[in-house]
Amino acid sequence: MRCFKALGLVLVALLASIGAAQATVQIHIDLSTQRMQVESSKGSHSWPVSTARAGYVTPRGVYSPTSLQKMHYSRKYHNSPMPHSIFFNGGYAIHGTNATGALGRPASHGCVRISPANAATLYKLVQEEGAQISITGSSPTRYAAHKTHRSHALAYGPSQRYRSITSSVKSWQSAPMTSPFGY
């Protein structure tokens, strides 16, 4: 009789551990649509992302998180802030970005960028449940080549006529109303 009770307890523990193993957050990133689908025990989400722009790569495959950092600063890219970082493949991570206007199209050096609020939500879910990250698809062709993607000016600068005379954009920004000719 005791043998059956012990066997029953082992069976219950085994089933509970299988259930716990399946409770991980499922994160799917589609490079083609620049979207992330998140499935967790607390619900599902669909968020726009920015992945690798032309000349860079976001690795495809299936990964588990290797490290979580509430605030990371990129040593490789000018100490850029990477809030709520979920590292999954060497230096690649899912993290928040303040460049939310670029979400929905390739814009990063390879990391998966999401809005700061969504990054905080995802970070908390992964902390609580663990995660499996899958990345599929390919970069959208309209953004894949530099020649087809035209950037739009975000500020005024010296006209083409003055560009060769002005020593730098920074010097022009510090005194934009001064004449490059000294009068």
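**Before selecting anything**

The model is a predicted one, in which local features require a pLDDT of at least 70 and side-chain atom pairs count only at pLDDT 80 or more, while totals for chains, interfaces and linings use all residues. Residue numbers start from 1 along each chain as its sequence is written, and side-chain values use heavy atoms, with hydrogens and water left out.

**The whole chain**

Five helices and nine strands are present (DSSP runs numbered from the N terminus: helices are H or I with at least four residues, strands are E with at least two). Traced from the N terminus, the order of elements is α-β-β-β-β-β-β-β-β-α-β-α-α-α.

Next, switch to a surface. The accessible surface amounts to about 11900 Å², and carbon and sulfur atoms hold 58% of this area (Shrake-Rupley method, 1.4 Å probe; for residues, only the protein chains shown count as cover). Of the 183 residues, 32% are classed as buried (under 20% relative accessible area, with exposed meaning over 50% and partly exposed in between; 1.4 Å probe, protein chains only). Among contacts with a separation of 6 or more, 56% join residues 24 or more positions apart (a contact means heavy atoms within 4.5 Å).

**Colour by confidence**

Colour the chain by pLDDT, the predictor's confidence in each residue from 0 to 100. The average is 79, and 64% of the residues score at least 70. Select residues 144-159: their pLDDT is below 50, and the stretch has eleven contacts in the model beyond near neighbours in sequence. Residues 161-166 also stay under 50, with ten contacts beyond four places in sequence. Where pLDDT is low, the predicted coordinates should not be read in detail.

**The largest pocket**

Select Ser74, Tyr77, Met82, His95 and Cys111, which lie nearest the centre of the largest pocket among its 25 lining residues. A pocket is defined on a 1 Å grid over the protein atoms alone, as an open set of points where a 1.4 Å probe fits, with protein on both sides within 12 Å along at least five of seven lines; lining residues have an atom within 4 Å of a point. The volume of this pocket is about 590 Å³ (the space filled by probe spheres set on the points, with grid points joined across faces, edges and corners).

Strands β5 (67-74), β6 and β7 (92-96) each supply at least two lining residues, and β6 gives the most, with five. The lining comprises ten nonpolar, twelve polar and three charged residues (nonpolar: Ala, Val, Leu, Ile, Met, Phe, Trp, Tyr, Cys and Pro; charged: Asp, Glu, Lys and Arg; polar: the others, Gly among them).

Select Ser85, which lies in strand β6 and is buried at a relative accessible area of 0%. Beyond four places in sequence, Ser85 touches partners including Ser67, His72, His95 and Tyr123.

Move to Phe87, found in β6 (residues 80-89) and buried at 7% relative accessible area. Its contacts beyond four places in sequence include Pro65, His72, Met82 and Tyr92. Gln69 is another contact of Phe87; the two are 18 residues apart in sequence and 8.1 Å apart, C-alpha to C-alpha.

**Strand β1: Val25**

Finally, select Val25 in strand β1 (residues 25-30), a buried residue with a relative accessible area of 0%. Leaving aside neighbours within four places in sequence, Val25 contacts residues including Val38, Leu122, Leu125 and Gly130.
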